[in-house]
Amino acid sequence: MAYWLFKSEPSTWSWQDQLDKGDVGEEWDGVRNYQARNFMRQMALGDRGFFYHSQAEKAIVGTVEIIRTAHPDSTDGTGKWDCVDIMALQTAPRPVTLAEIKADPRLADMALVKSPRLSVQPVGDAQWAILCEMAGLKAS
């Protein structure tokens with residue numbers, strides 16, 4: 001299993017919006033960055049990810065599961081962009097802020113710290129476990 005982080009502006013698509021989709025999940029559409037698209041192409045069914053609120057909150061607020069692998073993005077007319085479908089799994093009992101992540105030396109190599117603008121990014125196994133513990137989430 002691989003781990004990922006999905007960034008969203010809550011004014012566009014919030015954790016509550018994701019929760020409201022239930023088991024049906026939602027297409028993670030609108031990504032227009034080649035590196036982020038290529039990461040989505042690597043995702044497998046059952047992979048997990050953090051749902052991260054960007055903008056003012058800047059915090060991990062929950063976890064998601066990949067429920068459909070890379071397929072054409074329905075919002076793209078060019079055929080260049082792919083997306084995956086994700087389903088909400090757990091709400092973080094305690095959101096983990098970007099400031100906390102940056103302050104923890106064990107997370108210094110995390111893509112969120114090094115490439116903060118990337119909307120979809122990988123998360124290492126150790127990083128996943130550390131962040132789940134910080135957030136009070138089940139790691140598996």
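Biologist: What is the relative accessible area of Gln55?
Modeller: This is a predicted model, so local features need pLDDT of at least 70 and side-chain atom pairs count only at pLDDT 80 or more, while totals for chains, interfaces and linings use all residues. Residues are numbered from 1 along each chain as its sequence is written, and side-chain values use heavy atoms, with hydrogens and water left out. Buried means under 20% relative accessible area, exposed over 50% and partly exposed in between (1.4 Å probe, protein chains only). Gln55 counts as partly exposed, at 40%.

Biologist: Where is Gln55 placed?
Modeller: Gln55 is not a glycine, yet its phi is positive, about 70°. Strands are DSSP runs of E with at least two residues, helices are runs of H or I with at least four, and both are numbered from the N terminus. Gln55 sits in the loop between strand S3 (48-53) and strand S4 (59-72).

Biologist: What is the phi of Lys58?
Modeller: Lys58 is also found in the loop between S3 and S4. Lys58 is partly exposed, with a relative accessible area of 41%. Its phi is positive in a residue other than glycine, near 45°.

Biologist: How many bridges join S4 to S5?
Modeller: S3 and S4 run antiparallel, joined by six bridges. S2 and S5 (residues 82-97) are antiparallel too, with two bridges. S4 and S5 also run antiparallel, and their bridges number 10.

Biologist: Which residue in S5 stands opposite Gly62?
Modeller: Gly62 is in S4, where it is the bridge partner of Phe51. On the S5 side, Gly62 stands opposite Thr91.

Biologist: Is Thr63 buried or exposed?
Modeller: Thr63 is found in strand S4. Contact means heavy atoms within 4.5 Å. Not counting residues up to four places away in sequence, Thr63 touches several residues, among them Trp15, Phe50, Met87, Leu89, Trp128 and Leu137. At 1% relative accessibility, Thr63 counts as buried.

Biologist: Why are the buried residues of helix H2 on the same side, and what arc do they cover?
Modeller: In H2 (residues 34-42), Ala36, Arg37, Phe39 and Met40 are buried. The arc is that of the directions from the helix axis to the C-beta atoms. They lie on the same side of H2 because that arc is only 155°.

Biologist: Which strands do the buried residues of H2 pack against?
Modeller: An α-helix has 3.6 residues a turn, so residues three or four places apart point the same way. The buried residues of H2 pack against S1, S4, S5 and strand S6 (120-123).

Biologist: Which residues lie nearest the centre of the largest pocket?
Modeller: On a 1 Å grid over the protein atoms alone, a pocket is an open set of points where a 1.4 Å probe fits, with protein on both sides within 12 Å along at least five of seven lines; lining residues have an atom within 4 Å of a point. Strand S1 (3-8) and strand S2 (26-27) each supply at least two residues of the lining. The lining has 15 residues, and nearest the centre lie Lys7, Ser8, Glu9, Thr12 and Trp28.

Key: Pairing = 2+ DSSP bridges.
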